[in-house]
Amino acid sequence: MKNADEMTPPGLFRGARVRMSRLGRERHPRYGDREGIIVGRGSPSSWRVKFDERTTVQAIHRDYLEPAAQPVAASPQAAARRGPQRATPRP
């Protein structure tokens, strides 16, 4: 039998930006396309998520979450490809 960490979809970890999956939106339509940040574990099968524009943290089953697409500017790989930033704008 697998433990909870082996059954967790890749990309779900503390600090990850997530959104409701298709299954999650079907089961909980009022959450819609909300995105948030994982702030911890709930039970072995759930994550605690702080959704944007909400004040409370919600425990959500891992099958209802998926990694949210990160903007290119926010990814560390994109920053490394861009190289050092100029302090002054180009003329």
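Modeller: Residues are numbered from 1 along each chain as its sequence is written, and side-chain values use heavy atoms, with hydrogens and water left out. In this predicted model, local features need pLDDT of at least 70 and side-chain atom pairs pLDDT 80 or more, whereas totals for chains, interfaces and linings use all residues.

Colleague: Why is the pair of Y31 and F51 called tilted?

Modeller: Rings of Phe, Tyr and Trp (its six-membered ring) pair if their centres lie within 6.5 Å; planes under 30 degrees apart count as stacked, over 60 as edge-to-face and the rest as tilted. The centres of Y31 and F51 are 5.5 Å apart and their planes stand at 35 degrees, so the pair is tilted. The count by this rule is one aromatic pair.

Colleague: What makes Y31 and F51 buried?

Modeller: Buried means under 20% relative accessible area, exposed over 50% and partly exposed in between (1.4 Å probe, protein chains only). Y31 has 8%, so Y31 is buried; F51 has 2%, so F51 is buried as well.

Colleague: Is E53 buried or exposed?

Modeller: The relative accessible area of E53 is 83%, so E53 is exposed. Its phi is near 65 degrees, a positive value in a residue other than glycine. Most residues other than glycine have a negative phi.

Colleague: How do you know that the charged end of R41 sits over the ring of W47?

Modeller: The rule requires NZ of Lys or CZ of Arg within 6 Å of the ring centre and within 35 degrees of the ring normal. The charged end of R41 sits over the W47 ring, 4.2 Å from its centre.
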